Amino acid sequence: MIRLVSLVLLFLSSIAIGCTGSESSAERLQLSVMMYNQALRWGNIGDAASYIPDDKREEWTKRRRRLEETVVILDYDLVEVRHPDAAAPKADVTVSFEWRGKSSNVVETGKFVQEWTYRDVDKRWFMIKQTEIKKEEPLDEDTPIRENL
């Protein structure tokens with residue numbers, strides 16, 4: 001059922017993209033970000049891979065399949081899309097993911113910054129890099145607090 005919903009969403013978005021040639025780059029970015037992360041969420045590696053540049057797609061797919069053997073993504077949230085100049089071919093997207101190990105019930109969370117680029121030749125946005133935002137370690141009683149930070 002979940003796979004069917006994802007396929008219907010992908011089909012409808014494909015129709016929407018094909019029918020409207022007048023959408024802005026920002027609208028295409030929003031749709032690409034949503035479709036990519038939705039595909040990741042539901043484990044549709046092939047669909048997600050279509051948002052990775054050709055020269056990185058094979059290696060990306062191998063890494064995702066290895067990761068999928070041990071991790072299940074439970075949810076995601078698009079925290080922020082930074083595309084300050086509508087004409088700029090670059091954007092940064094902050095995404096929060098929840099996941100658990102396949103052999104665990106412990107839910108973990110993390111935030112990631114995805115770097116997106118628009119390729120005019122393809123008339124499409126591609127996710128070119130994803131970096132985890134490291135969490136700050138909480139201070140405990142034994143951690144000395146430095147002055148003049």
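Analyst: Happy to, and here is one to start with: the charged end of Arg-124 sits over the ring of Tyr-51, 5.3 Å from its centre. Please keep in mind that this is a predicted model.

User: What makes 5.3 Å count as sitting over the ring of Tyr-51?

Analyst: The cut-off is CZ of Arg within 6 Å of the ring centre and within 35 degrees of the ring normal. Arg-124 has its charged end 5.3 Å from the centre of the Tyr-51 ring and is listed as sitting over it. A second case is Arg-41, whose charged end sits over the ring of Trp-42 at 3.8 Å from the centre.

User: How many aromatic pairs does a search of the whole structure find?

Analyst: The search finds eight. One of them joins Tyr-36 and Tyr-51, with ring centres 6.4 Å apart and planes at 75 degrees.

User: Why is the pair of Tyr-36 and Tyr-51 called edge-to-face?

Analyst: Two tests apply: centres must lie within 6.5 Å, and planes over 60 degrees apart count as edge-to-face. With 6.4 Å and 75 degrees, Tyr-36 and Tyr-51 meet both, so the pair is edge-to-face. Tyr-36 lies in helix 2 and Tyr-51 in the loop between helix 3 (45-49) and helix 4 (54-68), so the pair ties together parts that are 15 residues apart in sequence. Ring pairs also link Tyr-36, Tyr-51, Trp-60 and Trp-116 into a cluster.

User: Are Tyr-36 and Tyr-51 buried or exposed, and how do you know?

Analyst: Buried means under 20% relative accessible area. Tyr-36 has 1%, so it counts as buried, and Tyr-51 at 9% is buried as well.

User: What kind of aromatic pair do Tyr-118 and Trp-125 form?

Analyst: They form a tilted pair, with 5.4 Å from centre to centre and 55 degrees between the planes. Stacked needs under 30 degrees and edge-to-face needs over 60, so 55 degrees leaves the label tilted. Tyr-118 is buried at a relative accessible area of 14%, and Trp-125 is buried at 0%.

User: Why is helix 2 described as largely enclosed by the rest of the structure?

Analyst: Twelve of its 17 residues are buried, so helix 2 is largely enclosed. Among the buried residues are Arg-28, Leu-29, Val-33, Met-35, Tyr-36 and Arg-41. Helix 2 covers residues 25-41 and reaches 24 Å from its first C-alpha to its last, close to the 24 Å expected at 1.5 Å a residue. Helix 2 is followed by Gly-43, which has a positive phi near 75 degrees.

User: What about helix 4: which of its residues are buried, and where is its kink centred?

Analyst: Trp-60, Thr-61 and Arg-64 are the buried residues of helix 4. These pack against helix 2, helix 3, strand 1 and strand 4 (124-133). The kink is centred on Trp-60 and amounts to about 25 degrees. From first C-alpha to last, the 15 residues of helix 4 reach 21 Å, close to the 21 Å expected.

User: Why is Val-72 called partly exposed, while Ser-96 is called buried?

Analyst: The limits are under 20% for buried and over 50% for exposed, with partly exposed in between. Val-72, in strand 1 (residues 71-82), has 25% and is therefore partly exposed. Ser-96, in strand 2 (residues 90-101), has 18% and is therefore buried. Beyond four places in sequence, Val-72 touches Glu-98, Trp-99, Arg-100 and Lys-102.

Technical notes
Residues are numbered from 1 along each chain as its sequence is written. This is a predicted model: local features need pLDDT of at least 70, side-chain atom pairs count only at pLDDT 80 or more; totals for chains, interfaces and linings use all residues. Side-chain values use heavy atoms; hydrogens and water are left out. Helices (H or I, at least four residues) and strands (E, at least two) are DSSP runs, numbered from the N terminus. The expected span of a helix is 1.5 Å times one less than its number of residues. Buried means under 20% relative accessible area, exposed over 50%, partly exposed in between (1.4 Å probe, protein chains only). Rings of Phe, Tyr and Trp (its six-membered ring) pair if their centres lie within 6.5 Å; planes under 30 degrees apart count as stacked, over 60 as edge-to-face and the rest as tilted. Contact means heavy atoms within 4.5 Å. The bend at a residue is the angle between axes fitted to the seven residues ending there and the seven starting there.
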